[in-house]
Amino acid sequence: MRSWKKGRHSVMGVGFFRDADWLGPRRARGYLWLLALLNLASIVLLTGTSNGGIDRHGLLLGSDFLSFWTTGGMLQVQENIYDPAAHFAAQQAFFVQEGAHTAFFYPPPFLLICYLLGFLPYFPALAVWLLATGAVYFATVRLWLRRSGIRWSALLILAAFPPVVITVTHGQTSFLVAALLGLGVLLARAHPLLAGICFGLATIKPQLGILIPLVLLVTGEWRVIAAAAVTAVLLGLAATAAFDPAVWLDWIAVSETAQAAMTGGLIGFGKMQSPFAAAMLLGASPQFAYTVQGLVSLAVTGALCRAAWRKSFSPALGAAMLAGAPLATPFVFDYDLVLLAFPLIWLTGSGFRRWEKLIAAGAFIAAAFARPLAMSFSIPIMPLVLAAFFIVITRRALDESNDRSPAPSPRIRSGARLDAEPSSA
């Protein structure tokens, strides 16, 4: 009897969650296959039950992409794409949905891409967009897997990753932005100019890159900084030459509208995954919510500075930087979390310590539940998941030195990986 109780405790006690030995390579693969099949089934159901490109909820397939495609069409006839009324009218001319408007708040450099998309009809443009950006993201994930020594299939991992299917169904920019940031991290040490170009191009969605200059400055990556700055400036000049200097003033004006829409809840706090949105969803005032966001952003900044102090840039610091990106901005959505694939890969390749396997699994799957829980029950889980994951990655980055990896603490179980069977198996 005593032996049975001891065995039961070992299964359901603290160690069950702390070590998560039950989540071994074979079981992890099984879960990935299950998630991949569920994601594929959801896409098949969404498209199979649609009628003329309209899903059963009355929404256009690739709903957010409508904003980019509409912008491309407006640019070709020289309309002001940052005029909300004109943008709404252009959308309604293609797809009428009463009271619905997918707003456009991207900076002028992104207009160069939108302009090209406007040459194609909507659904071919959506297909080209997802295939092209998805291919870049897939290639970047494969590169991270190879650099981390992980032998698993990139296709299986991405098919199972919930933010991927969310990005596909929304037609969002997340594949492209995440790939640029992920490539920049990998290239920073060996190819600083190419890394800087990647970071500079990622300014098409600047809120996800606000931590990059900080980490690069602290680690002294001056060539990366210079290349990123030159790239961003040239991109801005190209947009200015193509669409008139006044486009910048129009963007600044609509950005103020975007902040008002965010604070007023017009975008939907349940859709957003930031500490600011969580506080607003729980009934806080805008002032208190911005205070919470500011404190979290400062904490992330301080932790990264401490991890990077007197160190060279490394994949560990880059992983921490990418893990902290969704916490540092108030304007982040579940599809933006495709960015987490890179710190998740780095952590898996480094081996798990206590609690880390469970936290990594939570960061992998949480996006599947975050929006439904927030919108239906006002329960914002994602900021807590992101905070726990950031702490794990940053703690690892703190442990690294420039020349050698520290020996694991005797109180820590280190080296447990998911990508290879245990030697005793």
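Contact is taken here to mean heavy atoms within 4.5 Å of each other. The model described below is a predicted one, and on this basis phenylalanine 138, leaving aside its neighbours within four places in sequence, is in contact with Ala154, Leu155 and Leu158. Phenylalanine 138 lies in helix 7, which spans residues 122-147, and with a relative accessible area of 28% this residue is partly exposed.

A second residue, leucine 235, is found in helix 13 (residues 222-243). Its relative accessibility is 15%, and because buried means under 20% relative accessible area, leucine 235 counts as buried. When residues up to four places away in sequence are not counted, leucine 235 touches Pro109, Leu112, Gly200, Leu201, Thr203 and Ile204. Among these, leucine 201 is 34 residues away along the chain from leucine 235, and the C-alpha atoms of the pair are separated by 7.5 Å.

Helix 5 comprises residues 84-94, of which Ala86, His87, Gln91 and Gln92 are buried, and these buried residues pack against helix 4 (65-76). At the start of helix 5, a side-chain oxygen of aspartate 83 comes to within 3.1 Å of the backbone nitrogen of alanine 85. Two packed helices are described by the angle between their axes and the distance between the axes. For helix 4 and helix 5 the angle is about 105° and the axes are 10 Å apart; the two helices are therefore roughly perpendicular to each other. On the side of helix 4 the contact is made by Leu66, Ser67, Trp69, Thr70, Thr71 and Met74, and on the side of helix 5 by Ala86, His87, Ala90, Gln91 and Phe94. By residue class, this contact of helix 4 with helix 5 consists of 6 nonpolar and 5 polar residues, with no charged residue taking part.

Another helix pair is formed by helix 12 (residues 212-219) and helix 16 (residues 286-308), whose axes come within 9 Å and cross at roughly 25°, which makes helix 12 roughly parallel to helix 16. The crossing of helix 12 past helix 16 is right-handed. Helix 12 contributes Leu214, Val215, Val218 and Thr219 to the contact, and helix 16 contributes Thr301, Leu304, Cys305 and Ala308. The residues of the contact of helix 12 with helix 16 divide into 6 nonpolar and 2 polar, and again no charged residue is included.

The buried residues of helix 18 are Ala341, Phe342, Pro343, Leu344, Ile345, Trp346, Leu347, Thr348 and Gly349. Their covering includes helix 7, the helix in which phenylalanine 138 is placed, together with helix 10 (174-187), helix 17 (315-328), helix 19 (356-365) and helix 21 (382-399). Just after helix 18, glycine 351 adopts a positive phi of about 90°.

Technical notes:
Residues are numbered from 1 along each chain as its sequence is written. This is a predicted model: local features need pLDDT of at least 70, side-chain atom pairs count only at pLDDT 80 or more; totals for chains, interfaces and linings use all residues. Side-chain values use heavy atoms; hydrogens and water are left out. Buried means under 20% relative accessible area, exposed over 50%, partly exposed in between (1.4 Å probe, protein chains only). Helices (H or I, at least four residues) and strands (E, at least two) are DSSP runs, numbered from the N terminus. A polar contact is a pair of N or O atoms within 3.5 Å; within protein, one must be able to donate a hydrogen and the other to accept it, and residues adjacent in sequence count only if both atoms are side-chain atoms. Axes are lines fitted to C-alpha atoms, for helices over the stretch in contact, and angles run from 0 to 180 degrees between N-to-C directions. Angles under 35 degrees count as roughly parallel, over 145 as roughly antiparallel, 65 to 115 as roughly perpendicular and the rest as oblique. Ala, Val, Leu, Ile, Met, Phe, Trp, Tyr, Cys and Pro count as nonpolar, Asp, Glu, Lys and Arg as charged, and the others, Gly among them, as polar. A crossing is left-handed if the near helix is turned anticlockwise from the far one by less than a right angle, and right-handed if clockwise.
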